[in-house]
Amino acid sequence: MTAPSDAPRVLADIALEIDPDEVLRFQGYKPGLAVPSREVLALFDEAQALGRRLMEPRAVVRWLTVTRRDGDTLEAGGVALTIPGIERAWGPVAELATAVCTIGESLERRGAELWEARELPLAAMLDSVGSGAVESLAEYVNDVLCQEGIQRGLKVTNRISPGYGAWDVAQQKELFALCPGSAIGVRLNESCFMTPVKSVSLLAGAGVAARVDHYFSQCARCWMRDCAYRRAPARKTVHR
Ligand code: SF4
(Lines give C-alpha, C1' and ligand atoms only; values in the text may rest on other atoms or scores of the structure.)
Protein backbone atom coordinates (compact mmCIF):
# COMPACT_ATOMS: atom_id res chain seq x y z
CA MET A 1 0.00 0.00 0.00
CA THR A 2 1.20 3.51 -0.82
CA ALA A 3 2.61 5.45 2.13
CA PRO A 4 2.95 9.23 2.41
CA SER A 5 6.25 10.80 1.30
CA ASP A 6 6.89 7.88 -1.01
CA ALA A 7 9.65 8.22 -3.55
CA PRO A 8 8.44 9.16 -7.04
CA ARG A 9 6.90 6.23 -8.94
CA VAL A 10 6.54 5.86 -12.69
CA LEU A 11 3.26 4.57 -14.14
CA ALA A 12 3.69 3.09 -17.60
CA ASP A 13 1.81 0.60 -19.80
CA ILE A 14 -1.34 2.67 -19.36
CA ALA A 15 -4.19 1.45 -21.58
CA LEU A 16 -5.67 4.89 -22.12
CA GLU A 17 -8.94 5.66 -23.86
CA ILE A 18 -9.24 9.03 -25.63
CA ASP A 19 -12.45 10.91 -24.88
CA PRO A 20 -13.91 12.00 -28.27
CA ASP A 21 -15.86 14.87 -26.64
CA GLU A 22 -12.61 16.23 -25.24
CA VAL A 23 -10.92 16.07 -28.68
CA LEU A 24 -13.85 17.74 -30.43
CA ARG A 25 -13.94 20.40 -27.72
CA PHE A 26 -10.37 21.32 -28.75
CA GLN A 27 -11.76 21.63 -32.29
CA GLY A 28 -14.37 24.11 -31.07
CA TYR A 29 -17.36 21.73 -30.78
CA LYS A 30 -19.22 22.07 -27.51
CA PRO A 31 -21.21 18.91 -26.63
CA GLY A 32 -24.92 19.46 -27.33
CA LEU A 33 -24.36 22.78 -29.11
CA ALA A 34 -22.60 21.99 -32.37
CA VAL A 35 -22.71 18.70 -34.27
CA PRO A 36 -19.60 17.80 -36.29
CA SER A 37 -20.18 16.88 -39.93
CA ARG A 38 -19.53 13.41 -41.35
CA GLU A 39 -16.28 14.70 -42.86
CA VAL A 40 -15.11 16.00 -39.49
CA LEU A 41 -15.98 12.68 -37.83
CA ALA A 42 -14.08 10.76 -40.54
CA LEU A 43 -11.06 13.00 -39.94
CA PHE A 44 -11.41 12.42 -36.21
CA ASP A 45 -11.43 8.63 -36.73
CA GLU A 46 -8.29 8.84 -38.86
CA ALA A 47 -6.49 11.10 -36.37
CA GLN A 48 -7.58 8.99 -33.42
CA ALA A 49 -6.25 5.79 -35.01
CA LEU A 50 -2.96 7.56 -35.73
CA GLY A 51 -2.85 9.07 -32.25
CA ARG A 52 -3.42 5.70 -30.59
CA ARG A 53 -0.43 4.28 -32.42
CA LEU A 54 1.81 7.21 -31.58
CA MET A 55 0.99 8.11 -27.99
CA GLU A 56 3.10 6.69 -25.17
CA PRO A 57 1.21 7.58 -21.99
CA ARG A 58 3.37 7.72 -18.87
CA ALA A 59 3.19 9.47 -15.53
CA VAL A 60 5.35 10.01 -12.48
CA VAL A 61 3.48 10.34 -9.18
CA ARG A 62 4.56 11.17 -5.66
CA TRP A 63 2.70 11.40 -2.35
CA LEU A 64 3.91 13.83 0.33
CA THR A 65 2.86 14.65 3.87
CA VAL A 66 1.75 18.25 4.42
CA THR A 67 4.12 19.69 7.00
CA ARG A 68 2.52 23.16 7.25
CA ARG A 69 -0.86 24.69 6.39
CA ASP A 70 -1.17 28.44 6.59
CA GLY A 71 -4.24 29.82 4.84
CA ASP A 72 -3.73 29.15 1.13
CA THR A 73 -0.13 27.99 1.58
CA LEU A 74 0.62 24.28 1.82
CA GLU A 75 4.12 23.05 2.56
CA ALA A 76 5.43 19.56 1.82
CA GLY A 77 8.87 18.12 1.13
CA GLY A 78 10.43 21.47 2.07
CA VAL A 79 8.51 23.25 -0.73
CA ALA A 80 5.76 25.85 -0.20
CA LEU A 81 2.84 26.04 -2.64
CA THR A 82 0.58 29.09 -2.48
CA ILE A 83 -2.70 28.48 -4.27
CA PRO A 84 -5.34 31.21 -3.97
CA GLY A 85 -8.63 29.83 -2.60
CA ILE A 86 -7.27 26.36 -1.84
CA GLU A 87 -8.10 26.39 1.87
CA ARG A 88 -11.77 26.96 1.10
CA ALA A 89 -11.80 24.59 -1.90
CA TRP A 90 -10.04 21.61 -0.31
CA GLY A 91 -10.54 22.06 3.42
CA PRO A 92 -8.02 20.40 5.76
CA VAL A 93 -5.67 18.25 3.66
CA ALA A 94 -2.98 16.16 5.34
CA GLU A 95 -1.22 14.93 2.21
CA LEU A 96 -0.49 16.09 -1.31
CA ALA A 97 -0.51 13.88 -4.38
CA THR A 98 1.68 15.28 -7.15
CA ALA A 99 2.04 14.03 -10.71
CA VAL A 100 3.47 14.85 -14.13
CA CYS A 101 1.91 13.07 -17.14
CA THR A 102 2.84 12.97 -20.81
CA ILE A 103 1.93 11.17 -24.01
CA GLY A 104 5.50 11.61 -25.29
CA GLU A 105 6.91 13.31 -28.39
CA SER A 106 6.02 10.95 -31.26
CA LEU A 107 2.55 12.38 -31.85
CA GLU A 108 3.93 15.93 -31.86
CA ARG A 109 6.65 14.96 -34.35
CA ARG A 110 4.11 13.38 -36.71
CA GLY A 111 1.93 16.49 -36.39
CA ALA A 112 4.87 18.68 -37.43
CA GLU A 113 5.48 16.44 -40.46
CA LEU A 114 1.83 16.77 -41.46
CA TRP A 115 2.03 20.60 -41.19
CA GLU A 116 5.15 20.49 -43.32
CA ALA A 117 3.32 18.37 -45.93
CA ARG A 118 0.40 20.88 -45.83
CA GLU A 119 -1.99 18.20 -44.59
CA LEU A 120 -3.48 20.82 -42.35
CA PRO A 121 -6.90 19.36 -41.38
CA LEU A 122 -5.32 16.07 -40.27
CA ALA A 123 -2.47 17.89 -38.53
CA ALA A 124 -4.93 20.06 -36.60
CA MET A 125 -7.11 17.09 -35.68
CA LEU A 126 -4.07 15.05 -34.59
CA ASP A 127 -3.02 17.95 -32.36
CA SER A 128 -6.50 17.94 -30.78
CA VAL A 129 -6.28 14.15 -30.32
CA GLY A 130 -3.00 14.69 -28.45
CA SER A 131 -4.52 17.42 -26.29
CA GLY A 132 -7.56 15.22 -25.54
CA ALA A 133 -5.34 12.23 -24.79
CA VAL A 134 -3.18 14.05 -22.25
CA GLU A 135 -6.31 15.42 -20.54
CA SER A 136 -7.71 11.87 -20.35
CA LEU A 137 -4.35 10.73 -18.97
CA ALA A 138 -4.49 13.39 -16.24
CA GLU A 139 -8.00 12.16 -15.35
CA TYR A 140 -6.72 8.58 -15.25
CA VAL A 141 -3.87 9.55 -12.91
CA ASN A 142 -6.23 11.57 -10.69
CA ASP A 143 -8.37 8.41 -10.40
CA VAL A 144 -5.35 6.24 -9.53
CA LEU A 145 -4.42 8.72 -6.79
CA CYS A 146 -8.01 8.78 -5.52
CA GLN A 147 -8.05 4.99 -5.32
CA GLU A 148 -4.71 4.95 -3.47
CA GLY A 149 -5.86 7.59 -1.00
CA ILE A 150 -9.23 5.99 -0.38
CA GLN A 151 -7.56 2.68 0.49
CA ARG A 152 -5.85 4.54 3.33
CA GLY A 153 -9.09 6.22 4.48
CA LEU A 154 -8.35 9.57 2.80
CA LYS A 155 -10.65 11.52 0.51
CA VAL A 156 -8.78 12.83 -2.54
CA THR A 157 -9.73 16.10 -4.24
CA ASN A 158 -9.98 16.88 -7.93
CA ARG A 159 -6.74 17.89 -9.59
CA ILE A 160 -5.46 21.40 -10.18
CA SER A 161 -2.43 22.62 -12.14
CA PRO A 162 -0.18 25.69 -11.97
CA GLY A 163 -1.42 28.30 -14.46
CA TYR A 164 -5.08 27.31 -14.16
CA GLY A 165 -7.46 29.57 -12.26
CA ALA A 166 -5.58 31.83 -9.89
CA TRP A 167 -2.58 29.52 -9.31
CA ASP A 168 0.59 31.21 -10.61
CA VAL A 169 2.17 29.25 -13.47
CA ALA A 170 5.59 30.03 -11.95
CA GLN A 171 4.82 27.41 -9.29
CA GLN A 172 5.42 24.74 -11.93
CA LYS A 173 9.00 24.90 -10.66
CA GLU A 174 7.93 24.04 -7.12
CA LEU A 175 5.70 21.25 -8.40
CA PHE A 176 8.57 19.81 -10.46
CA ALA A 177 10.82 20.06 -7.39
CA LEU A 178 8.37 17.75 -5.61
CA CYS A 179 7.62 15.46 -8.55
CA PRO A 180 10.48 15.09 -11.06
CA GLY A 181 9.12 15.18 -14.60
CA SER A 182 12.59 14.06 -15.75
CA ALA A 183 11.67 10.53 -14.62
CA ILE A 184 9.41 10.35 -17.70
CA GLY A 185 11.37 12.72 -19.95
CA VAL A 186 9.35 15.90 -19.26
CA ARG A 187 11.44 19.07 -19.10
CA LEU A 188 10.52 22.51 -17.83
CA ASN A 189 12.06 25.68 -19.28
CA GLU A 190 12.57 29.08 -17.62
CA SER A 191 9.10 30.20 -18.74
CA CYS A 192 7.58 27.13 -17.08
CA PHE A 193 6.69 25.64 -20.46
CA MET A 194 6.76 21.84 -20.56
CA THR A 195 8.37 19.68 -23.27
CA PRO A 196 6.93 17.45 -24.68
CA VAL A 197 4.09 19.91 -25.17
CA LYS A 198 1.43 17.26 -24.58
CA SER A 199 2.21 17.05 -20.88
CA VAL A 200 0.20 17.98 -17.78
CA SER A 201 1.38 18.49 -14.22
CA LEU A 202 -1.15 18.15 -11.44
CA LEU A 203 -1.72 18.35 -7.74
CA ALA A 204 -4.47 16.89 -5.56
CA GLY A 205 -5.02 17.12 -1.82
CA ALA A 206 -5.99 14.29 0.52
CA GLY A 207 -7.32 14.06 4.04
CA VAL A 208 -10.05 12.42 6.12
CA ALA A 209 -12.05 15.66 5.98
CA ALA A 210 -10.89 16.93 2.56
CA ARG A 211 -13.68 18.54 0.51
CA VAL A 212 -14.61 16.60 -2.61
CA ASP A 213 -17.52 16.73 -5.06
CA HIS A 214 -18.78 20.16 -4.04
CA TYR A 215 -18.28 21.59 -7.53
CA PHE A 216 -17.71 18.56 -9.79
CA SER A 217 -18.10 14.84 -9.23
CA GLN A 218 -14.85 13.14 -10.11
CA CYS A 219 -16.51 9.70 -9.84
CA ALA A 220 -18.70 10.52 -12.86
CA ARG A 221 -15.60 10.34 -15.09
CA CYS A 222 -13.63 7.75 -13.15
CA TRP A 223 -12.61 4.50 -14.86
CA MET A 224 -12.34 2.49 -11.60
CA ARG A 225 -15.34 0.33 -12.39
CA ASP A 226 -15.23 -1.74 -9.22
CA CYS A 227 -14.45 1.05 -6.76
CA ALA A 228 -16.41 0.34 -3.56
CA TYR A 229 -16.40 4.04 -2.69
CA ARG A 230 -18.02 5.35 -5.87
CA ARG A 231 -20.17 8.41 -5.15
CA ALA A 232 -21.76 8.86 -8.59
CA PRO A 233 -22.33 6.56 -11.59
CA ALA A 234 -19.63 6.62 -14.27
CA ARG A 235 -20.57 8.50 -17.45
CA LYS A 236 -17.62 7.37 -19.52
CA THR A 237 -14.22 5.82 -19.18
CA VAL A 238 -10.66 6.89 -19.90
CA HIS A 239 -9.50 3.27 -19.61
CA ARG A 240 -9.51 0.93 -22.57
S1 SF4 B 1 -14.95 5.90 -8.29
FE2 SF4 B 1 -14.80 7.86 -7.20
S3 SF4 B 1 -14.01 7.29 -5.18
FE4 SF4 B 1 -13.58 5.57 -6.55
S5 SF4 B 1 -11.47 5.96 -7.31
FE6 SF4 B 1 -12.94 6.83 -8.76
S7 SF4 B 1 -13.11 8.98 -8.21
FE8 SF4 B 1 -12.26 7.89 -6.45
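Colleague: What makes strand 2 and strand 3 a pair?

Modeller: In this predicted model, strand 2 and strand 3, residues 73-76, share 4 bridges in the antiparallel sense. Pairing requires at least two bridges between the strands, so strand 2 and strand 3 count as paired.

Colleague: What lies between strand 2 and strand 3 in their hairpin?

Modeller: There are 2 residues between them, and Gly71 in the turn has a positive phi of about 60°.

Colleague: How do you know that strand 3 also pairs with strand 4?

Modeller: Strand 4 covers residues 79-82 and runs antiparallel to strand 3, with 4 bridges joining the two. The cut-off is at least two bridges, so this is a pair as well. Thr73 stands opposite Thr82 there. These strands form a hairpin with 2 residues between them, and Gly77 in the turn has a positive phi of about 55°.

Colleague: Which residues of strand 3 are on its covered face, and which on its uncovered one?

Modeller: Leu74 and Ala76 are on the covered face, Thr73 and Glu75 on the uncovered one.

Colleague: Why are strand 1 and strand 2 called paired?

Modeller: Strand 1, residues 9-11, meets strand 2, residues 58-70, over 3 bridges in the antiparallel sense. At least two are needed, so the name applies. Leu11 stands opposite Ala59.

Colleague: How many bridges link strand 2 and strand 5?

Modeller: Strand 5, residues 95-102, pairs with strand 2 over 8 bridges, again in the antiparallel sense.

Note on methods. Residues are numbered from 1 along each chain as its sequence is written. This is a predicted model: local features need pLDDT of at least 70, side-chain atom pairs count only at pLDDT 80 or more; totals for chains, interfaces and linings use all residues. A residue is buried if 20 or more other C-beta atoms lie within 10 Å of its own, exposed if 12 or fewer, and partly exposed in between; C-beta atoms are placed from the backbone.
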